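Hello,

Here is the structure I promised to pass on. Please open it alongside this note. My findings follow below.

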Amino acid sequence: MRKFFQEYGVLVAFVLLFVINVVTRGENFLQAENLRNLVAQNAYVGIIAVGMTFVIMTGGIDLSVGSVLAFCGAVAVLVLNKQEAGGAASTTAILVAGLASVGVGLVSGLANGIAIAFGRVAPFIVTLAGLAGFRSLALVLGEGGEIRSHVPAFGDFGFGGLPIPGTVTQSGEPLVLYWSFFAFLGVALAASFLLNKTRFGRYVIAVGASERAARYSAINTRSVKIAAYTLIGGLVGFAAFLNAARMNSVGTGSVGLFYELDAIAAVVIGGTSLRGGKGRIWGTVVGVVLLTLIANMMTAYRIDTNWQGLVRGAVILVAVLLQRGGKSADEG
């Protein structure tokens with residue numbers, strides 16, 4: 001029974017909370033707009049959490065993702081405005097901005113990975129430095145404030161999506177499932193394939209389970225770590241581009257704050273071990289939706305925002321304690 005809850009506990013928790021909401025909130029909870037928000041609201045954090053799954057499975061952690069997101073978003077909007085000023089078509093400008101954001105994210109992740117793999121510095125220290133450094137770069141680019149897009153089509157893209165047949169918003173407009181949701185879904189499916197069906201995925205598991213054993217098996221552990229951090233950097237750049245489109249701007253001092261905590265929480269709640277060597281993408285996806293559901297409940301029940309962080313922290317602590325219990329059981 002214990003192993004069942006360790007394997008599927010996140011699903012059980014989600015179903016339990018879903019039923020509680022149906023019983024206590026009824027139609028208000030089951031409104032199409034509310035259900036849409038549950039699966040799509042945290043798509044940006046979800047994309048980052050998928051990348052965080054790989055990093056944590058290698059035995060590492062990345063605390064810099066929120067700041068990297070701000071830095072990439074600032075670059076994306078500046079490039080977008082530069083393209084628009086140069087006379088580029090809106091579609092071209094948006095595409096170039098997206099490539100720039102992902103490119104900067106990849107380079108940022110590569111820098112973290114090289115420092116960890118070759119500098120032999122703990123991931124916590126390297127990415128903590130990145131948390132401060134990349135936020136500073138974003139603030140410099142934005143001169144401490146907000147960078148607004150000059151391309152209206154960028155904002156239209158951010159709020160765009162596929163209409164859900166037979167549904168409307170409370171204001172009577174067609175209800176759409178945002179592009180960011182499909183991006184999250186696509187990233188999760190691709191990552192699941194990468195983790196479960198490729199040699200790189202097997203190497204990630206091996207390095208996290210035992211780095212020494214992986215080296216004895218002729219696995220280049222440094223390359224695996226660098227690839228994992230580069231991967232999350234690229235995904236953060238992608239999420240930054242989508243988030244900037246949604247806002248049609250970037251607040252360099254505020255965007256991405258605490259995203260690292262949300263991403264790590266989703267990964268841990270989803271069943272990936274903080275010790276490395278064990279994890280799953282589907283668990284991370286459910287973890288993201290579960291956190292969104294908890295936030296949705298706290299808002300609906302009008303829990304003071306000052307207390308909401310305590311509730312989230314308690315959920316993370318319980319997930320970690322359950323993991324530790326499972327480890328002890330395995331060892332026994």
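Predicted model: local features only at pLDDT ≥ 70, side-chain atom pairs only at ≥ 80, totals over all residues.

Asparagine 248 sits in the loop between helix H12 (221-247) and strand S4 (249-251). Asparagine 248 has a positive phi of about 60 degrees, although it is not a glycine. Is asparagine 248 buried or exposed? Its relative accessible area is 17%. The cut-off for buried is under 20%, so asparagine 248 counts as buried.

Arginine 120 also has a positive phi, near 55 degrees, and is likewise a residue other than glycine. Arginine 120 is in the loop between H6 and H7. Its relative accessible area is 68%, so arginine 120 is exposed.

H6 covers residues 90-119 and H7 covers residues 123-141. Their axes come within 9 Å and cross at roughly 145 degrees. The crossing of H6 and H7 is right-handed. Which residues meet there? From H6 come Ser108, Asn112, Ala115 and Ile116. From H7 come Pro123, Val126, Thr127 and Phe134. By class, the H6 and H7 contact has five nonpolar residues, three polar ones and no charged ones.

Next, the chain as a whole. The chain has 15 helices and four strands. Its C-alpha trace spans about 60 × 50 × 40 Å along the principal axes. For 332 residues, a compact globule would have a radius of gyration near 20 Å. The chain has 20 Å, so the two agree. Of the 332 residues, 48% count as buried. Take the contacts between residues at least 6 apart in sequence: 77% of them join residues at least 24 apart.

On to the interior. Nonpolar side chains tend to be buried together in soluble globular proteins. Here the largest nonpolar core has 84 residues. Which residues have the most contacts inside that core? They are Ile47, Ile48, Val50, Met52, Leu69 and Phe154. A second, separate core has five residues, including Val176, Leu177, Tyr178 and Phe181. Leaving out residues up to four places away in sequence, valine 50 touches Phe184, Val187, Ala188, Ala191, Leu235, Ile281 and Thr284.

Leucine 80 is in helix H5 (residues 65-85). Its relative accessible area is 0%, so leucine 80 is buried. Beyond its neighbours within four places in sequence, leucine 80 contacts Ala93, Ile94, Ala97, Ser149, Val151 and Phe154. Leucine 80 and valine 151 are 71 residues apart along the chain, yet their C-alpha atoms are separated by 7.5 Å.

Leucine 274 gives another case. Leucine 274 is in the loop between helix H13 (259-269) and helix H14 (281-300). Its relative accessible area is 37%, so leucine 274 is partly exposed. Leucine 274 and alanine 70 are 204 residues apart in sequence. In space they are 26 Å apart, C-alpha to C-alpha.

Last, asparagine 21. Asparagine 21 lies in helix H1 (residues 2-25). At 0% relative accessibility, asparagine 21 counts as buried. What does asparagine 21 touch, leaving out residues up to four places away in sequence? Its contacts are Gly26, Phe29, Leu293, Met297 and Tyr301.

Best wishes

Conventions. Residues numbered from 1 in each chain as written. Heavy atoms only, no water. Helix = DSSP H or I, 4+ residues; strand = E, 2+ residues; numbered from the N terminus. Buried < 20%, exposed > 50% of the residue type's maximum accessible area, 1.4 Å probe, protein only. Contact = heavy atoms within 4.5 Å. Core = buried A, V, L, I, M, F, W, Y, C linked by side-chain atoms within 4.5 Å. Axes fitted to C-alpha atoms, helices over the stretch in contact; angles between N-to-C directions. Left-handed = near helix turned anticlockwise from the far one by under 90°. Nonpolar A, V, L, I, M, F, W, Y, C, P; charged D, E, K, R; others polar. Rg over C-alpha atoms; globule rule 2.2 N^0.38 Å.
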